[in-house]
Amino acid sequence: MARKTAVEVGADGVAVVTIKNPPLNLLSVDVILSLKENIEGVLSRDDVKAIVITGLNGKFSGGFDVTVFGGIQGKKTNKELGFMSIQFVTDTLEAAKKPLVAAIDGPAFGGGLEIALACHARISTSSAQLGLTELQYGILPGLGGTQRLPRLVGLQKALEMILMSKRVNGEEALRLSLVDAIAPADKLLKVARQWSLDIFECRRPWVLSLYKTDKLEPMGEAKAILNSARIQAQRQNPNVMHPLVCIDVIEQGIVSDPRNALWKEAEALQELRQSSTCRSLVHTFFSQRQIFKPRKISKVAIIGGGLMSSEIATMLTLRNYQVILKEKNEKNLSEEISRAKENLQNQVKHGKATQNDLEKAFSLLSGVLDYDYFKEVDLVIEAETESLSLKQEIFAELEKWCPQHCIFTSNSSTFSLRSVGERTKCQNRIARVHFCLLPAGMPFMEIVRTEGTSPQVTVDLIDFGRKLRKTPIVVIDRKGCTVNDMFVTYLLAAILLSERGVEVYKIDQALESFGMQFGPFRIIDMIGFQAFVAISKMFVERIPDRSYKSILLSVLQHHEREGRCNGKGFYKYDNCGKAYPDPELNNKYIKKAGNLSNVTVDAAKPTKLSDTEIVEMILFPALNEACRIIFQGIVIRSSDLDVASVLGIGFPTYRGGIIYWSNSFGSNYVHSRLEKWSEEYGDFFKPCDYILQKSAEGISLEKETNQAKSKL
């Protein structure tokens, strides 16, 4: 077995045990066994007074390798269950007869932090990151973290950190008493060594975290905090159990004995790591992560006015990008800059940015009327009106004025990239970026490339998206926005059902209970009717044979309803933006729209639908559209659409994404349901060829595509 830890004993009698599993010093069975062997070795040496545990290359440990989660495992004996948490972490580390100090720099996540919690003191750098992040993978801390963290930082803060997988830096960790001292990176080991000797010589306390009680709230208050946490967890994620299991384990240690609770923790971990929720969350985690080597983008130019341009400018300046807005004339430019500044002021008003952020963003924003200022631009985003000749003229000008490394992108989805760049000789620098229809908070970006787009450009745009705190997916050039097509289909399905008698609020409730971040009608309100009508109109015109042509939004707009932006949409909104159902909606507007749309199906039939049937009738058309995208080779992997559905339309993470979710019932079931609905309601529900093929073969809809993999 390759050595995963190393030992060095100094003249001062301190043994430094280093975790060596680069780049993040992730834990595994091999690492734990190596660590256990070396710790036991130095504990038995007469020349060792104290021990410091640290990680190689300024990284303590990123926790357990996520690949070990979500696997099917056989039943374990008590000895096997308790090996790591009790036999090693508790009975070897914490119960050691020589003081152990953790020297923490870089990440100390999950099991890595739990090892540090079992040490008798912790010293960190100010930039270190500490957190118990297990719940984001559908499990719970399994090396004693559920018991030790509350005793070090208090129950309230521990619940926040554990349930939200929240990370804190070294400075905050010190304020919380999670670490005992801060040291510069170049002096970290020196301070930790001295601290361990101070404990050995009784100049500092020898603290066993598992039995510490001074930070725990009184029992009555603790129970109230735990009950409140349960209610909040159920409200936020009613379909997952692991947060509630975690709370139960934490409570057991507080109301009874923490050592006994370690056994409950180990048993719960064994169960949860084999759950479908864990498998789904791990799938989503790996679908989002790839490694690239990008070039730096600092200065971005945006061409064209309108709501989208100002939204993009707002987002970029808040992420410290220098932004140049280009317009045709002074009037348009002044309006565009005013819109961007108003957006920035709203960010401060709603507590999403500080006054300092606002002032810095203002300083990064400028406006121009010509291309003279484009000579140092790294990225251009064209967001002009939908005119092919205008876009071709713009891209030809960009080639003349911009530096050789500059990337040219369009935010439009009406014309192919090849057509847009037809008058240039730099097709390798041309791509498309879509922030799509999404509500502003959705962390998603679509990157569209052609066969001629340079892989380096694709890599640069992926990094750009990540620096905007968005998760990018890469798709092949086509008309439309890949995520918008799924998204619009999802929203049109909801409108179709509402016009056939299913109450709007029942639809939203069913989808939110399923786990969607927002119901479809809340989302339409958030987007705004004007924007949604424009996008859905393009969708319907592009694929009229399988679209649903509704006039419901036109009816609502006729009655001066525009969504949340003017306080009246499918919901009514108070001055604070809180949504309330509108009792007039169904009788006054939806029935009128249904009549004007000449709906001829049995209107009473859909009103009898169960919540499960509502969810399927609204999500299966989006799944159908996703399968078309796979069949056309638009995405690199089907898992990209899982990421897109989670981050783009608010699909519940713990279900793994829309394609992965379909594995729970299979292609035959999806095909049969869509076929049945297409007979009853028309071609909007007609299953695509991909679903027909997979159903006939009796295999999963989940499939890796071969397109463009080698280029990335």
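Predicted model: local features only at pLDDT ≥ 70, side-chain atom pairs only at ≥ 80, totals over all residues.
Let me begin with the cores. The largest nonpolar core in this model has 100 residues, and the residues with the most contacts inside it are F374, V380, Y490 and F570. If we take V380 as our example and leave aside its neighbours within four places in sequence, we find V380 in contact with A301, I303, F374, L398, C402, C406, I407, F408 and T409. Apart from that core lies another one, of 70 residues, which includes L27, A102, L140 and V179.

Now to the sheet, which is an open one built from six strands in the order β1-β2-β3-β4-β6-β9, with mixed pairing. At its edges stand β1, residues 5–9, and β9, residues 181–182, and each of these has a single partner strand, so one side of each is left without a neighbour in the sheet.

Finally, I would like to turn to E384, which is placed in the loop between β13, residues 379–382, and α16, residues 388–401. Is this glutamate buried or exposed? E384 has a relative accessibility of 9%, and because the cut-off for buried is under 20%, it counts as buried. Its side chain makes a polar contact, at 3.1 Å, with the side chain of K328. Not counting residues up to four places away in sequence, E384 touches K328 along with I303, G304, L390, K391 and I394.

Notes:
Residues numbered from 1 in each chain as written. Heavy atoms only, no water. Core = buried A, V, L, I, M, F, W, Y, C linked by side-chain atoms within 4.5 Å. Buried < 20%, exposed > 50% of the residue type's maximum accessible area, 1.4 Å probe, protein only. Contact = heavy atoms within 4.5 Å. Pairing = 2+ DSSP bridges. Helix = DSSP H or I, 4+ residues; strand = E, 2+ residues; numbered from the N terminus. Polar contact = N/O pair within 3.5 Å; in protein donor to acceptor, adjacent residues only side chain to side chain.
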